[in-house]
Amino acid sequence: MSSTGTNTDPSAGSSLASEFVTDRRRNANQFERTLWDVVDEIPDPHIPVSLVEMAMIYDITEEDGHVTVELTFPCMGCPAYDMIQNDIRSCLTVLDGVESVDIDIVWDPVWSKDMLTDDVREEMQAAGISL
């Protein structure tokens, strides 16, 4: 899904990850970067980009096999709320080194289309989605 592929360099020019996400991802250790890459392959169920590209993943941390994902939604009444969380858990819990996955829903900062890169905006507009 992601055009970032398996590139773990958060400052890579080809990444569609927003500056907001890039800043959060910068301090990740190697295993956490792997977790970011896995989550970056999970598509938003409504939009043809990944959850990371949609800037819905605010942070991913791991400590002693326990992974915490900070997730937000573009709107409070998202009909895919449970499905997205299940997708994240399903993709991460099968990885070696992951014992559990907690998902913290966060609303600060509030998600904004301003968090999207120009590349993601263009990809969405090409799919007929106006911003």
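Select Glu62 and then Val67: Val67, in strand E2, is the bridge partner of Glu62. Strands and helices here are DSSP runs numbered from the N terminus, a strand (E) having at least two residues and a helix (H or I) at least four. Next, select Thr61, whose bridge partner in E2 is Thr68. This is a predicted model, in which local features need pLDDT of at least 70 and side-chain atom pairs count only at pLDDT 80 or more, while totals for chains, interfaces and linings use all residues. Residues are numbered from 1 along each chain as its sequence is written, and side-chain values use heavy atoms, with hydrogens and water left out.

Display strands E1 (57-63) and E2 (residues 66-71) together. They run antiparallel and are joined by 6 bridges. Two strands count as paired if DSSP finds at least two bridges between them. The three form an open sheet in the order E1-E2-E3, with mixed pairing.

Of its 7 residues, 5 are buried, so E1 is largely enclosed by the rest of the structure. Buried means under 20% relative accessible area, exposed means over 50%, and partly exposed lies in between, with a 1.4 Å probe and protein chains only.

Select Asp64, in the loop between E1 and E2. The two strands form a hairpin with 2 residues between them. Phi of Asp64 is near 55°, a positive value in a residue other than glycine. At 65% relative accessibility, Asp64 counts as exposed.

Then select Ala55, in the loop between H2 and E1. Ala55 also is not a glycine, and has a positive phi of about 60°. Is Ala55 buried or exposed? Ala55 is buried, with a relative accessible area of 0%. Most residues other than glycine have a negative phi, and most peptide bonds are trans.

**The helices across the sheet**

Select helix H2 (residues 30-39), which lies across E1 and E2 and runs at about 140° to E1. Helix H3 (residues 81-93) lies across E1, E2 and E3, at about 150° to E3. Contact here means heavy atoms within 4.5 Å.

Within H3, highlight Ile84, Gln85, Ile88 and Leu92, which are buried. They cover an arc of only 95° around the axis, which puts them on the same side of H3; the arc is that of the directions from the helix axis to the C-beta atoms. The buried residues of H3 pack against H2, E1, E2 and E3.

**A cis peptide bond**

Move to Pro109, in the loop between E3 and helix H4 (118-126). The bond joining Asp108 and Pro109 is a cis peptide, with omega about 0°.

**Confidence**

Finally, colour the chain by pLDDT, the predictor's confidence in each residue from 0 to 100. The protein chain averages 85, and 86% of the residues score at least 70. Among its elements, helix H1 (residues 19-25) has the lowest mean pLDDT (74) and E3 the highest (98). Over residues 2-17, pLDDT stays under 50. Where pLDDT is low, the predicted coordinates should not be read in detail.

Technical notes
Axes are lines fitted to C-alpha atoms, for helices over the stretch in contact, and angles run from 0 to 180 degrees between N-to-C directions.
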